[in-house]
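Subject: Structure for you to look at

Hello,

Here is the structure I said I would pass on. Please open it beside this email and follow along as you read.

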Amino acid sequence: MASAKEKVEEKKIQLMQLTKEFSQQYLNEEYDCVIEKLISKMARKREVPFVTGKIEIWAAAVIHALGTINFLFDKSSVPYVSVNEITQFFGTKQSTTTQKSKRIRDMFKISYFDSEFSTKTVDQHNPFHNLVTIDGLLVPKNMNLVLNEKVEVKEWELNVAQILGVKELKKGGKFNKSNLYELLKVTDESLKVYYSYLQQHLTFPFSVSIEEEVGPLEWVKYNVNCVRLEQEMEVDEFYGILLECTQESEKIIIPLADIDMDNDTVNSAIITLYQEWFWTYR
């Protein structure tokens, strides 16, 4: 019978092989480096996570976790890969993959511009190399004057403040940009408050259109049926509040911030307000 150490090594080799095959087809040597580094670090934990569960799910989650922090899903990045391509390659479900990915990122506290797991290209463009702290915020040195500028609170910001329970904002009031950001910024806590609000005010089910890139400059548009807010993860630190949807009877998870809404639908005003807040104060 194989020892625990031998079992870890066997699973590690399988995980390395699966992720290497994906990287050879879709990624590059920079990703090879951080993939190997992450898997090796996972293997050194006292309780090695990938010893249990399908190895294909862990492989997809490793790619997804590193892709998330290295902008792999940004269509302007090189390389670019969609989440759908990852799940199809490994034969996994999107919801399972994203949940395991979040577990990995939480496990090692991995975030954008991580010094250990950023690819070389991403690290070269790391804005944190030239930042200062202003009112508790990390900002570029030349942003000091901009952040201290007084701005009037907009109507939609007042609506968001009411949802979040922020009482400091008043109509006609003016705030430093940095102070306004601090009050309304998107955090795990504020997302959970907003999640509770949407749980009470959104009307399900509803349909939306999703666009997906299937080839160079080739896009396909399809409809999905949104059945409820995602119940297991609820919110994600990178993608915000999540929706559980179905597409041809298959369950998929999509970020609420990414969907396109018709202006005349019952949920349009509520979702548009959330999206404006998320993309402005994220």
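Helices (H or I, at least four residues) and strands (E, at least two) are DSSP runs, numbered from the N terminus. This is a predicted model, in which local features need pLDDT of at least 70 and side-chain atom pairs count only at pLDDT 80 or more, while totals for chains, interfaces and linings use all residues. Residues are numbered from 1 along each chain as its sequence is written, and side-chain values use heavy atoms, with hydrogens and water left out.

The chain as a whole

The protein chain has 11 helices and nine strands. Of its 282 residues, 47% count as buried; buried means under 20% relative accessible area, exposed means over 50%, and partly exposed is in between (1.4 Å probe, protein chains only). The chain exposes about 15700 Å², and carbon and sulfur atoms supply 48% of that area. Such areas come from the Shrake-Rupley method with a 1.4 Å probe, and for residues only the protein chains shown count as cover. A contact means heavy atoms within 4.5 Å. Among contacts in the chain with a separation of 6 or more, 59% are between residues 24 or more positions apart.

Where is N267 placed? N267 is in the loop between strand 9 (250-255) and helix 11 (268-281). N267 counts as buried because its relative accessibility is 2%. Leaving aside neighbours within four places in sequence, N267 is in contact with H201, L202, T203, F206 and M261. The side chain of N267 also reaches the backbone oxygen of T203 at 2.8 Å. This is a polar contact, meaning a pair of N or O atoms within 3.5 Å; within protein, one must be able to donate a hydrogen and the other to accept it, and residues adjacent in sequence count only if both atoms are side-chain atoms.

S95 is in helix 5 (residues 94-108). S95 has a relative accessible area of 7%, so it is buried. With neighbours within four places in sequence left aside, S95 is in contact with K251 and I253. Between S95 and E244 there are 149 residues in sequence, but the C-alpha to C-alpha distance is 8.7 Å.

Helix 1 covers residues 4-26. At 1.5 Å a residue, its 23 residues should span 33 Å, and its end C-alpha atoms are 33 Å apart, which agrees. The expected span is 1.5 Å times one less than the number of residues. V8, K11, K12, L15, L18, T19, F22 and S23 are buried in helix 1. The cover over these buried residues includes helix 2 (29-43), helix 3 (55-69) and helix 4 (83-90).

For helix 11, the 14 residues should span 20 Å at 1.5 Å a residue, and the end C-alpha atoms are 20 Å apart, which agrees. Its buried residues are S268, I270, I271, L273, Y274, Q275, W277, F278 and Y281.

Aromatic rings

A search of the whole structure finds 16 aromatic pairs. Why does the pair F22 and Y26 count as stacked? The ring centres of F22 and Y26 are 4.6 Å apart and the planes are at 25°, so the pair is stacked. Rings of Phe, Tyr and Trp (its six-membered ring) pair if their centres lie within 6.5 Å; planes under 30 degrees apart count as stacked, over 60 as edge-to-face and the rest as tilted. F22 and Y26 both lie in helix 1, four residues apart, about one turn of the helix. An α-helix has 3.6 residues a turn, so residues three or four places apart point the same way. Buried or exposed, what is F22? F22 is buried, with a relative accessible area of 0%, whereas Y26 is partly exposed at 24% relative accessibility.

Y194, Y197, Y274, W277, F278 and W279 form one aromatic cluster. Elsewhere, the charged end of K100 sits over the ring of W58, 5.2 Å from its centre. A charge sits over a ring if NZ of Lys or CZ of Arg is within 6 Å of the ring centre and within 35 degrees of the ring normal.

Backbone details

The peptide bond from V78 to P79 is cis, with omega near 0°, and P79 lies in the loop between helix 3 and helix 4. A cis peptide bond also joins F204 and P205, with omega about -5°.

Regards
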